[in-house]
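Grab the structure and follow along.

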Amino acid sequence: MILTKEQQAILDGEKGETLAKVMKTLIKYGEVFGAEKMVPVTGKHNHLVTSFGLKALGPVYDLMDQLIASGDVSKQTFSVDPRPLDKKVPANFLQNFIFKNFMYSRQDFYETQLGKLGLMEKDAFTCTCYMDEVGNKPNKGDVLSWAESSAVVYANSVLGARCNRNSGIMDIMGSVVGYVPYFGLLTDEGRRATWLIDIRTTKKPEAQLLGSAIGMKVMEEVPYVVGLDKWLGTELTDSVCTYLKDFGAATASNGAVGLYHIDKLTPEAKEMGMNLLTENVKTYVIDDAELERVYKEYPIIWKDPAAKPKLCFMGCPHMSLQQLKDWTDKVEAGLKSSGKKKVVIPTVFTASPAVLKEFEKTEYAQRLKATGVITSYICPLMYMNNPLSGKMPVITSSNKLRTYTTARYYTDDEILEQITKGGNGK
Ligand code: F3S
């Protein structure tokens, strides 16, 4: 690794022992991936993945304490992934007991540490930090030190920022020292596509299903998608960005995609087009039958596959303001056609505190409340990590939640039918 004078000085301990250790760790991390230099982290804010005060994270709290004590806090302020708990989300006495005493017992302590380290603001807890309401939206070309997979893939693909799929803790280290190793998705070569994805569906593909199919096929490689502009157009409008948010999260969780290009739409594809493809590119054709095949092959891991759902989670990643409004309309229309007043399955829509605050200012908030849907800033995955939640029949249209928990995936239309009519959605 070739270091600049300043980087060498940090490594030699001229800025203190703690920062030297952090630099050493990042260099070792880069060397594993063949990085030959370190580059500055840019942008005003960072984003951290570790948002939960899990009892077992003792070494993390020690590291945080060391950073705080040595004054080596990040020059950037940061947002952080969603909180793991929210009283508004239905949970029984035992579930709450486990959450509080065995799982997230150090939440308050950890949030105090985050505050000292540079949390943007008290409620900056969300995985969709790049939304306007939250205010952590990187610029094209910014070098980031993020780890949340759904945010990394969005920042790289839709915003044109540059970030590897780092791990938790590595994200804060890069931000504190101000440098990250230069490899992978930070380089021009690493951003070229090795897969050409040809979309030939007869209708707009479900974002979370399409992302899942692509993720499982390309794994950690970079896909270049053609044929989607037919359904999405060629401008990054609010609804297109929402689609890409959900699509990207599925590619990142069902595979390990950190960057995708959409022909005629995403920034680098607009600039370079097919020149982004490497030689020997592989091809994957997706039509209606292929999406159906992918959907049918999802394993159902409920103890009783015919169980009546006890909970529905929507918003993983967190919903946008427009998504909340659109779903308010959809739920109302669904209830009207079924002649019901309230949703028949307890349903939680999740969004960032900042988006929820804006939503509350609109007339939609009262309308949604009247349907019985609960809004929350929680991370559904952290709720599902509770062994008792894992035994519940939970439904979702999030392919990330399906992948990491026992929650069962349904398309948006099927979810709507289940929560407003009580059918099984199929
Ligand atoms: Fe966000 Fe939690 Fe889902 S971090 S993407 S809501 S698993």
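This is a predicted model: local features need pLDDT of at least 70, side-chain atom pairs count only at pLDDT 80 or more; totals for chains, interfaces and linings use all residues.

A residue counts as buried when its relative accessible area is under 20%, as exposed when that area is over 50%, and as partly exposed in between.

- Start with Glu268 and Arg191, which form a salt bridge with their closest N and O atoms 2.8 Å apart. Glu268 sits in helix α11 and Arg191 in the loop between β4 (179–181) and β5 (193–199), so this pair ties together parts that are 77 residues apart in sequence. Both partners, Glu268 and Arg191, are buried.
- Helix α11 also holds Glu271, whose partner Lys140 lies in the loop between α5 (107–117) and α6 (149–157), 131 residues away. The side chains of Glu271 and Lys140 meet at 2.9 Å, N to O.
- What about accessibility in that second pair? Glu271 is exposed, because its relative accessible area of 54% is over the 50% mark. Lys140 comes out as partly exposed, at 47%.

**Other charged pairs**

- How many salt bridges are there by this rule? The count comes to 22.
- One more to look at is Asp132 with Lys137, a salt bridge at 2.9 Å, N to O. Asp132 is exposed, with a relative accessible area of 62%, while Lys137 is partly exposed at 42%.
- In general, side chains of opposite charge can pair when their charged atoms come close.

- As background, most residues other than glycine have a negative phi, and most peptide bonds are trans.
- Which peptide bond is cis? The bond from Cys316 to Pro317 is, with omega near 10 degrees. Pro317 belongs to strand β9, residues 311–319.
- Met219 isn't a glycine, yet its phi is positive, near 55 degrees. You'll find Met219 in the loop between α8 (207–218) and β6 (223–226). Met219 is partly exposed, because its relative accessible area is 37%, in between the two cut-offs.
- Lys264 is another non-glycine with a positive phi, about 65 degrees. Look for Lys264 in the loop between β7 (261–262) and α11 (267–272). With a relative accessible area of 43%, Lys264 is partly exposed.

Terms used:
Residues are numbered from 1 along each chain as its sequence is written. Side-chain values use heavy atoms; hydrogens and water are left out. Helices (H or I, at least four residues) and strands (E, at least two) are DSSP runs, numbered from the N terminus. Buried means under 20% relative accessible area, exposed over 50%, partly exposed in between (1.4 Å probe, protein chains only). A salt bridge is a side-chain nitrogen of Lys or Arg within 4 Å of a carboxyl oxygen of Asp or Glu.
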